[in-house]
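Me: I am new to this structure and would like a close look at one part of it, the side chains inside the fold. Please go through how they meet one another and what space is left around them.

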Amino acid sequence: MDTTVKTLQGELRGRLVDGIHVFLGVPYAAPPFGTNRLRPPQALEPWSGVRDAAALGPEPPQVAPPTVGGSEAGASEDWEDLTAAFEAVQRAAPSEDCLNLNLWTPDPGAARLPVMVWIQGGMFEISSTAAYDGRNFARDGVVCVVINWRPGAEGFLHLGDGIANVGLLDQVAALEWVRENIASFGGDPDNVTVFGESAGAMSIGVLLAMPRAEGLFRRAILQSGAAHHVTPARDALRIGAHLAERLGVPPDRQAMAAVGVDRFIAAQAELKQDLMMNPDPDRWGSDVVASTLPWAPTVDGMVVPGPPIERIGAGASGHVDVIVGTNTDDWRLWLVASGAIGQITDEILTGPVADVGYQSLGAYGLDGKDALAAYRSRYPDLTPGDLLATVQTDWWMRLPAQLLADGRVRAGASGRTYMYEFAWPSPGLGAVHALEVPFVFDIARPDVPLFGGLVGPEPPQELARTMHTAWVAFATNGDPGWPAYELDRRATMRFDLSSTVVEDPRHWERDFWEGRR
């Protein structure tokens with residue numbers, strides 16, 4: 001059955017599927033091409049008649065997803081090549097009209113339903129809404145929105161010309177669309193929760209510190225990402241110049257926007273390969289060598305006025321309720337996927353950054369020998385590869401999450417802060433990066449595209465219900481069901497088969513890193 005809703009831009013025709021009203025490929029801004037390419041999102045022109053919203057909208061131009069390069073003895077048989085996993089999702093082809101969103105609502109005629117807006121991850125290089133089905137949130141009384149936004153150089157090219165972070169501005173434009181239109185779908189524009197994972201969570205960490213995003217959401221959930229990993233403007237300028245050189249044009253926005261999309265994407269892939277093969281901090285910047293992210297939010301002084309964690313620590317978005325957390329083995333995913341986890345040695349861990357890049361403990365601001373000794377003393381049974389995964393998890397995820405929570409509490413935030421750790425281990429993998437996502441969406445099944453290879457053959461459904469219910473409760477009333485985070489307790493919900501609250505579970509890591517920052 002069809003269902004029709006009137007927005008400020010025009011009427012939309014969606015579908016009624018199993019009692020849920022679904023609207024797909026809904027545009028929230030003008031196509032970012034032609035004179036709009038590499039520039040902030042522009043207002044959407046109204047349309048006449050009824051626009052069909054029954055199919056996924058086009059995706060932004062982006063590099064191909066990474067390919068898995070190895071395996072590990074004992075790894076889950078369901079672990080697939082990531083490229084094949086992405087292909088299993090019914091994704092829409094990239095196209096110009098790519099600033100669109102998908103929406104699920106239990107009842108467009110309802111009023112003041114909580115709203116959840118998902119910002120997906122993908123290393124700031126990949127952005128696809130296709131794997132994220134919000135029907136179970138709608139089933140439980142939430143209006144769920146999933147947005148496309150520009151990744152890669154299309155969204156994060158920095159040339160020092162007064163234009164920056166247009167991918168973040170896409171997210172702001174989508175949230176503005178939600179504020180203006182969500183009541184037509186039964187949602188409450190004053191009760192919006194943004195939630196996201198990895199690059200999506202890092203985006204939210206920046207949104208918490210962005211003046212342009214102020215007032216657009218009431219609550220935020222940051223899954224395996226926080227507010228630390230941004231690119232200094234000087235490094236972003238270098239990367240922009242490197243890309244222009246590969247394109248054979250001057251580092252000028254108009255000249256680079258005139259390059260065809262296919263060549264533009266190919267040059268990004270070449271640049272990333274160069275970064276991985278030649279990780280010289282003098283060429284790329286130490287932050288970029290450690291993160292291996294050439295395209296990420298830039299502290300440009302305007303859209304992002306300063307380091308987000310500093311602005312949050314000074315009180316930015318203090319009124320927003322926040323959940324922030326990580327997975328126990330977050331970064332192990334990438335070492336298993338690349339096949340590198342069994343190839344790491346102590347010599348690599350203590351080697352020069354310019355030679356071994358992100359596999360050197362020195363890439364994370366540590367003295368390699370000192371860090372190796374400390375982590376080996378703490379985790380005597382781990383292989384060198386798993387020690388590297390643990391250090392990377394701490395640097396990438398765990399410490400930024402803790403410092404975000406600490407900073408908010410120290411700043412006297414009026415909004416409540418909660419922490420969690422997702423600890424259920426998938427067979428052969430562990431509690432790796434992105435594993436919590438299907439549990440949050442209550443789609444933890446082996447037959448689900450993309451995530452089926454992560455959850456294994458028998459994922460615990462009770463854990464999915466527990467986590468999903470907590471997210472819905474938080475979006476509804478700000479209380480996920482466990483104690484708020486305070487400096488004298490640091491309560492953390494550990495999601496596993498028992499799902500219990502623990503106090504300050506990662507105090508050793510906090511003490512170790514605080515002494516070396």
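Reply: **Rings, charges and a cavity**

W118, Y132, F137, F195, F441 and F451 make up one aromatic cluster. Two rings of Phe, Tyr or Trp (for Trp, the six-membered ring) count as a pair when their centres lie within 6.5 Å; planes under 30 degrees apart are stacked, over 60 edge-to-face, and the rest tilted. This is a predicted model, in which local features need pLDDT of at least 70 and side-chain atom pairs count only at pLDDT 80 or more, while totals for chains, interfaces and linings use all residues. Residues are numbered from 1 along each chain as its sequence is written, and side-chain values use heavy atoms, leaving out hydrogens and water.

Over the whole structure, 31 aromatic pairs are found. One of them joins F124 and F156, with ring centres 5.4 Å apart and planes at 75 degrees, so this pair is edge-to-face. F124 sits in the loop between β6 (113–119) and α2 (135–139), and F156 in helix α3 (residues 152–156), so the pair links distant parts of the chain, 32 residues apart. Helices (H or I, at least four residues) and strands (E, at least two) are DSSP runs, numbered from the N terminus. Both F124 and F156 are buried. Buried means under 20% relative accessible area, exposed over 50%, and partly exposed in between, using a 1.4 Å probe and protein chains only.

Charged side chains come next. Side chains of opposite charge can pair when their charged atoms come close. The structure holds 31 salt bridges, each a side-chain nitrogen of Lys or Arg within 4 Å of a carboxyl oxygen of Asp or Glu.

R139 and D140 form one of these, at 2.9 Å from N to O. R139 is partly exposed at 44% relative accessible area, and D140 is partly exposed too, at 34%.

D274 and R246 meet at 3.0 Å. D274 belongs to helix α8 (residues 261–277) and R246 to helix α6 (residues 233–247), so this bridge ties together parts that are 28 residues apart in sequence. D274 is buried, at 11%, whereas R246 is partly exposed, at 29%.

R510 and D406 form a salt bridge at 3.7 Å. R510 lies in helix α20 (residues 507–514) and D406 in helix α16, 104 residues apart, and the pair links distant parts of the chain. R510 is buried, with 5% relative accessible area, and D406 is buried as well, at 1%. Elsewhere, salt bridges with shared partners join R246, R263, E270, D274 and R283 into one network.

Cysteines give no such links: the count of disulfides (cysteine sulfur atoms within 2.5 Å) is zero. C98 is buried, at 0% relative accessibility, and C144 is buried, also at 0%.

A cavity is a set of points on a 1 Å grid over the protein atoms alone where a 1.4 Å probe fits but cannot get out; lining residues have an atom within 4 Å of a point. There are four cavities of 30 Å³ or more.

Terms used: 1 Å grid on protein atoms, 1.4 Å probe; cavity = no way out; pocket = protein on both sides within 12 Å on 5 of 7 lines; lining within 4 Å. Points joined across faces, edges and corners; volume = space filled by probe spheres on them.
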